[in-house]
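Dear colleague,

I am passing on the structure below, followed by an account of what turned up in it. Please read the notes with the coordinates open beside you.

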Protein chains: 2
Amino acid sequence: MAGDHCRHHPQVKILGSKASIFCMRVEWALKLKGVEYEYTEENLMNKSELLLKSNPVHKKVPVLLHGETAVSESLVILECIDETWSEEACPRLLPIEPYERAQARFWAKFLDEKVIFGTWDACKAEGEEKEKAIEVALKSLALVEEHIMGKKFFGGEQIGYLDLVAGWLPLWLGVMEEVGGMKLLHPGQFPSLHEWTRKFADVTVIKESLPPREEIVNHLSGGLRYLRSLAANKP
Amino acid sequence: MAGDHCRHHPQVKILGSKASIFCMRVEWALKLKGVEYEYTEENLMNKSELLLKSNPVHKKVPVLLHGETAVSESLVILECIDETWSEEACPRLLPIEPYERAQARFWAKFLDEKVIFGTWDACKAEGEEKEKAIEVALKSLALVEEHIMGKKFFGGEQIGYLDLVAGWLPLWLGVMEEVGGMKLLHPGQFPSLHEWTRKFADVTVIKESLPPREEIVNHLSGGLRYLRSLAANKP
């Protein structure tokens, strides 16, 4: 298996939450690199001392613990993993060439800021607002469709950084569609993205580690109920 | 001068706006690296064809044009500059060690997402909202104060990536305080940040290229008037 030479880092730990889009990508990165790690599920309603100490600024998962160091923010963690386990035998996550790296970072930011939050906005919106929010989300998805067109993976022939960042699309997006009562990723409208989700979900490391759909449904519908109850109780 | 060996890249162009926090940091990076570039001031009320073509997703400055390639998003551009002009003779912007790089990226994101926008929120808020917004901004600044404590520059002895990202503090923050009718960076409360702003603004490249204060006052007070007129006309 690719990455076998990079194993044996007993001090690598992840603090995460199984239903989190942002945690899953970090686990995938370590699995692709072949780095062994210890995973601790955080109870986000009652965060551990270790989480509060390791990410005192945001107090959020995921956190990568590596010996004495703690790294937060999933995109920052992905780059740190790529740079820490950079031996020849480890599959590379980011491209080599500076311009291609810049493109990958640009689209990662776009996916996180516009596509995930745009989709979530559409998911939670109601009434008139919902139509508008869906339109915004579709526009962002259309830009991603254009970007992946003609490519096997975002970075080329091999799965890499940007695939992991977009890795919530095959499973989480469908759940958001379900709990939000909407349809975004119409196969006819997004043929390339559709084809990519199929290829991505077929990569062994991904296939073997996608969380049960039910867990994500519970997580997202719980979040939605909570937000709506807050909104209903607003003065 | 450091970076002299990296000169002569006639195809490097910047599309920018002189009063923009996000554009200035890109120019500083090129100047520190000793890379010659052509600067084009964009009229943000009437954007050029070149800007619309170069950053079709966001249509925003800054854009770095380098031969046939175009890179957007200022933090992405800074990393691209660091990787493109990485010869021994060029001063390095990001640290070398993966964990230190991760820390720099983490704080850059925090500065851009929490500190700049927190300060801007406080600047534009009015009435009761203003006190709350000022409190939030002060909390974020306190975390930056803690992070810079005991250091000369954010990355150590030399000016680097995170200093450029925080580089709006010495001039733009004061202008926001002025146009927003508030005081945030009390020297007694933020002694280390205060000391850093002095050292940063004293670096030759920075000193020689800070835009006239009046330009920033006009830019930000214009922005504020515009936002308030929008809010006043809301149904």
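In chain A, domain 1 (12-84) and domain 2 (98-233) both contribute residues to the lining of the largest cavity, so this cavity lies between the two domains. Please keep in mind throughout that this is a predicted model, with an average pLDDT of 93 for chain A and 95% of its residues scoring at least 70. The ipTM is 0.94 and the pTM is likewise 0.94.

To stay with that cavity, the count of cavities of 30 Å³ or more comes to 1, and the space in the largest cavity is about 30 Å³. The residues that line the largest cavity are I21(A), M24(A), R25(A), W28(A), L164(A), V165(A), G167(A), W168(A) and W172(A), and the elements giving two or more residues to this lining are α1 and α6 of chain A. With 4 residues, α1(A) gives the most to the lining of the largest cavity, which by class has 7 nonpolar, 1 polar and 1 charged residues.

As for the domains themselves, the centres of domain 1 and domain 2 of chain A, taken over C-alpha atoms, are separated by 21 Å, and the contact between them takes 16 residues from domain 1 and 24 residues from domain 2. Between them these two domains of chain A bury about 1,700 Å², with 72% of that area on carbon and sulfur atoms.

The second largest pocket also draws on both domains, since its lining takes at least three residues from each of domain 1 and domain 2 of chain A. This pocket holds about 660 Å³ of space and is lined by 34 residues, of which L32(A), R92(A), L93(A), I159(A) and G160(A) lie nearest its centre. At least two residues of the lining of the second largest pocket come from each of α1 (21-33), α4 (98-124) and α6 (161-165) of chain A, and the largest share, 5 residues, is supplied by α4(A). Sorted by class, the lining of the second largest pocket consists of 19 nonpolar, 8 polar and 7 charged residues.

Turning to the interface between the chains, 26 residues of chain A are in contact with 26 residues of chain B, and the area buried between chain A and chain B is about 2,200 Å², of which carbon and sulfur atoms give 70%. Of the area that chain A buries against chain B, 24% is supplied by V57(A), E83(A) and F106(A), more than by any other three residues.

Most residues other than glycine have a negative phi, and most peptide bonds are trans. In chain A, however, the peptide bond from V61(A) to P62(A) is cis, with omega near 0 degrees, and P62(A) is found in the loop between α2 (49-54) and β3 (63-66). In chain B, the peptide bond from V61(B) to P62(B) is cis with omega near 0 degrees, and P62(B) is found in the loop between α2 (49-54) and β3 (63-66) of that chain. Positive phi values in residues other than glycine include that of K59(B), near 55 degrees, in the loop between α2 and β3 of chain B, and that of E73(A), near 75 degrees, in the loop between β4 (69-72) and α3 (74-84) of chain A.

With best wishes

Key:
Residues are numbered from 1 along each chain as its sequence is written. Chains are lettered from A and ligands numbered from 1 in the order in which they are written. This is a predicted model: local features need pLDDT of at least 70, side-chain atom pairs count only at pLDDT 80 or more; totals for chains, interfaces and linings use all residues. Side-chain values use heavy atoms; hydrogens and water are left out. On a 1 Å grid over the protein atoms alone, a cavity is a set of points where a 1.4 Å probe fits but cannot get out, and a pocket is an open set with protein on both sides within 12 Å along at least five of seven lines; lining residues have an atom within 4 Å of a point. Grid points are joined across faces, edges and corners, and a volume is the space filled by probe spheres set on the points. Ala, Val, Leu, Ile, Met, Phe, Trp, Tyr, Cys and Pro count as nonpolar, Asp, Glu, Lys and Arg as charged, and the others, Gly among them, as polar. Domain bounds come from an automatic or database domain assignment. pLDDT is the predictor's confidence in each residue, from 0 to 100. Contact means heavy atoms within 4.5 Å. Buried area is the accessible area (1.4 Å probe) that two parts lose on being put together, summed over both.
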